[in-house]
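Me: I am new to this structure. Please show it, and then I will ask about some of its parts.

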Amino acid sequence: MTYGILKQKIYALLDINGNDIMTEGSALALVSSALPYTVDAVSRKVALHLKNTVREETLHFEKGAVGVQATLPDSAFGVQYIVKNGRSYGAESFTLIGKNIIFFEHGEGDFTVCYDTFPAVYTEQTADDTELPFDDFTADTVAYGAAGELSHTVYPSDMTRYIRLMTEFDERISSAVQRVGDHT
């Protein structure tokens, strides 16, 4: 799905025609100025909850005070596993301190790290044809969250719309989040 399609879904949830001519004070103008920043904030929130924006990257580990360590990229917020010499190591084998990952195994080198990451930052300059880094369900979840956040801008007294949108957002998050004991 593209960023442009996501924007059209948000407009539809807010009963705004995204193809209208934008005039000062119109609902489209009110939403359009805040939309990229709202999408950015909601997509980060969704990434934190669903942890489905995952990357694998080879990082160089060097000897530290305890084990070996490497620095995660700025967009990373959690590590799922590390692969060393063809063997996978889970959360019990490493710890995160800030952006540093400390791996409790011996031996320096380049190891593959699978980590959770935030999506790219969305701004007013983000092109409509930009591909979203997540699946359609996640994109729909972002659309509901962003529409809910923006609904008070367009319909300040319509609490029913806000509650409906945010309830759908919350239900999508809760149904997709892995439960304790679930395995992938």
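**Contacts and helices**

Reply: Leaving aside its neighbours within four places in sequence, T38 is in contact (heavy atoms within 4.5 Å) with A146, E149 and L150. This is a predicted model, where local features need pLDDT of at least 70, side-chain atom pairs count only at pLDDT 80 or more, and totals for chains, interfaces and linings use all residues. Residues are numbered from 1 along each chain as its sequence is written, and side-chain values use heavy atoms, with hydrogens and water left out.

Me: Is T38 buried or exposed?

Reply: T38 is found in helix α2 (residues 27-50), a helix being a DSSP run of H or I with at least four residues, numbered from the N terminus. Buried means under 20% relative accessible area, exposed over 50%, and partly exposed in between (1.4 Å probe, protein chains only). The relative accessible area of T38 is 14%, so T38 is buried.

Me: Which backbone oxygen does the side chain of T38 reach?

Reply: A polar contact is a pair of N or O atoms within 3.5 Å; within protein, one must be able to donate a hydrogen and the other to accept it, and residues adjacent in sequence count only if both atoms are side-chain atoms. At 2.9 Å from the side chain of T38 lies the backbone oxygen of A34.

Me: Why is α3 largely enclosed by the rest of the structure?

Reply: Helix α3 covers residues 136-154 and has 19 residues. It is largely enclosed because the buried residues of α3 number 14 of the 19.

Methods: Helices (H or I, at least four residues) and strands (E, at least two) are DSSP runs, numbered from the N terminus. The expected span of a helix is 1.5 Å times one less than its number of residues.
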